[in-house]
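Dear colleague,

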Amino acid sequence: MCGIVAYIGPRDAYPILISGLRRLEYRGYDSAGVCLLSEDLNIYKCKGKVSDLEEYVVGKNLSGNVGMAHTRWATHGEPNYINAHPHFSQNKTLAIIHNGIIENYAVLRSELINRGYKFASETDTEVLVHLIEDIISNENVAVEEAVRIALNQVIGAYAIVIIAREFPDKIIAARKGSPMVIGVGEGEFFVASDATPIVEYTNNVVYLNDEEIAIIERDHDLRIKTIRNQSQTPYIQKLELSLSEIEKGGFDHFMLKEIYEQPRSIYDSMRGRIHVAEGIVSLGGIKDYEQKIINAKRIIITACGTSWHAGLVGEYLIEDLARIPVEVEYSSEFRYRNPVLYEDDVVLAISQSGETADTLAAIDLAKSKGATVLGICNVVGSSIARATHAGVYTHAGPEIGVASTKAFTAQVAVLTLIGLLLAQKKGTLPKSEFVKLLFELDAIPAKVERILKLNDKIKAIAHIYKDVKNSLYLGRGYNFPVALEGALKLKEISYIHAEGYPAAEMKHGPIALIDELMPVVFIATRRGIYDKVITNIEEVKARKGKIIAIITEGDESVKRLADHYIEIPDSEEMLIPLLATVPLQMLSYHIAVMRNCNVDQPRNLAKSVTVE
Ligand code: G6P
């Protein structure tokens, strides 16, 4: 939620900030603003997207080689000009940008109002900048010390950058709970919510830790201290990210590019981990925890959104393959519902961004009860990757489209590997079956490639259904989470109401919705309880619902029943989610494009939900 970027160095700051904001826009896009320091602090901000800000600043003084910018996803205060960041302190000598939530802002605000401060906005952020100004004037301390004192009074999450008019060679950044990375160039520094605005300038980065403050001075080394005033040595890491990975590469949208990247991202997530010839699976990241997982009485998977759907597939996989009981929890519920947790429980947190606030809180809770917590994250060095005891990265590459696609299939691929690894160690699968699964898994990227060739057919189906109001997605067994994910993709980017259901549950409610206007997407591949799904299709057909079926290549029975069908290659039942999800992503994508929706930045959503 919210993207922040800042620069100090010899170059003009504005072009760096604006292109950084464009890269961070997936984090929020309801208002945007920039602050540049030349003679004075100049702040320009407006409601809307980064492109609106670019239009707004035409003709304005954009000089300055110190600056910062922000793209917002509103939490406190509606998205408008006033609430957009940056915010000035009362005497306009300080400016702040902030990502996160100051939970005790109401108390701090009324104290400051009593001391004569006037608030321009409804944001929690403005409290912080007034507080820092107040400390500077009362305690006569340097800005970094005032920031430190202020942060000791704050409850909540923050990634902030402060620029002070009186200190034109310095920017102050700090974080707790919201991500922040500092790029260290030759005589210049960059600060951002993730590395994407930085990668074209330097690949030397420092990930700020919670409760750390960075004092970033032109022509000086980077200094870091904690809010308890302990100095820290900056740990410079090398970024493994290329510019081409975060650009559209000729596709109309990031989402489409990411859908098409899936053969590669699934392959990359398995590379070096699946050894077909030797018939083994190895996962270096959790090697030291293998015994712990095997001995676990149960595994609890916790995640949000699409990652939660991957977790559901994981439940089926791990129970099937390794016979270890698995529960899947929404992180937002788990963290608040006083769950029973034992020291021999293993908690598996799944997150693309590695920054989701609820998942982080669920991890903290699990750790506080003594459970072992492992992560499946896509973003290397992210908060969740660091908060967990160990983990396995999905190597999907940066996912920019807000609707998750390649991260989901990469998560499912990694969960399959975990299931197989546990089966291998526990001996729960006959060797022949194990090897067959490895072969089939190895063949998945090529099969996804074949599915991508169905684009024109899927587009034609999208055209027929682009104006519907409602839709139902049904599947059973491994295809039930696929139905949930298919429905989520459609609703989040096309704003068509879509529900995913276990196919047999349809008769306990959703069947009442079915009439000749209702498209029902069946994931009806020829494995598992296929015959029962056929019965469910018949039930919909009898009520005149329109049937779009995802079927196994050559399945004549469902072809006869369905109004439209999409044939996908066959595989083992437990690997079908890796295939069946892809045409559903494509269907949603085309429908959303035909409805003129902003596919990469759907309304009200954000890619990385760092607030609860
Ligand atoms: C947001 C995104 C979803 C994502 C979810 C969980 O809602 O829009 O695409 O699935 O957060 O995010 P995570 O990064 O933890 O997987």
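The notes below go through the pocket, the cavities, a surface patch and a few points of the backbone.

Please keep in mind throughout that this is a predicted model, and that every value here is computed from it.

I begin with the open space. The largest pocket has a volume of about 920 Å³, and of the 44 residues in its lining, those closest to its centre are Leu241, Asn378, Val379, Val380 and Pro398. Three elements, β15, α7 (262–270) and α12 (383–387), each supply at least two residues of that lining, and the largest share, three residues, comes from α7. Sorted by class, the lining of the largest pocket holds 13 nonpolar, 15 polar and 16 charged residues.

In general, rolling a probe the size of a water molecule over the atoms shows where empty space is left. Here the count comes to four cavities of 30 Å³ or more. The largest cavity contains about 110 Å³ of space, and 13 residues line it, with Arg476, Asn479, Thr525, Arg527 and Glu573 the closest to its centre. The lining of the largest cavity divides into seven nonpolar, three polar and three charged residues.

The second largest cavity holds about 90 Å³ of space; its lining is made of 15 residues, of which Cys2, Arg72, Thr75, His85 and Gly100 are the closest to the centre. Strand β6 (residues 94–102) gives the most to this lining, with three residues, and by class the lining of the second largest cavity has five nonpolar, eight polar and two charged residues.

Together with Tyr56 and Tyr81, Ile82 makes a nonpolar surface patch of about 290 Å².

Arg323, by contrast, has a positive phi, near 55 degrees, in a residue other than glycine. Arg323 lies in the loop between α9 (305–322) and β19 (326–330) and is exposed, because its relative accessible area is 56% and the exposed class begins over 50%. Asn604 is not a glycine either, yet it has a positive phi of about 65 degrees. This residue, Asn604, is found in the segment after α20 (576–594) and is exposed, with a relative accessible area of 62%.

Ser242 is partly exposed, its relative accessible area being 30%. Ser242 and Thr196 are 46 residues apart in sequence, while their C-alpha atoms are 8.9 Å apart in space.

With best wishes

Methods. Residues are numbered from 1 along each chain as its sequence is written. This is a predicted model: local features need pLDDT of at least 70, side-chain atom pairs count only at pLDDT 80 or more; totals for chains, interfaces and linings use all residues. Side-chain values use heavy atoms; hydrogens and water are left out. On a 1 Å grid over the protein atoms alone, a cavity is a set of points where a 1.4 Å probe fits but cannot get out, and a pocket is an open set with protein on both sides within 12 Å along at least five of seven lines; lining residues have an atom within 4 Å of a point. Grid points are joined across faces, edges and corners, and a volume is the space filled by probe spheres set on the points. Ala, Val, Leu, Ile, Met, Phe, Trp, Tyr, Cys and Pro count as nonpolar, Asp, Glu, Lys and Arg as charged, and the others, Gly among them, as polar. Helices (H or I, at least four residues) and strands (E, at least two) are DSSP runs, numbered from the N terminus. Patches are made of residues with over 30% relative accessible area and no salt bridge: like charges are joined within 9 Å, nonpolar side chains (Val, Leu, Ile, Met, Phe, Trp, Tyr) within 5 Å. Accessible areas come from the Shrake-Rupley method with a 1.4 Å probe; for residues, only the protein chains shown count as cover. A salt bridge is a side-chain nitrogen of Lys or Arg within 4 Å of a carboxyl oxygen of Asp or Glu. Buried means under 20% relative accessible area, exposed over 50%, partly exposed in between (1.4 Å probe, protein chains only).
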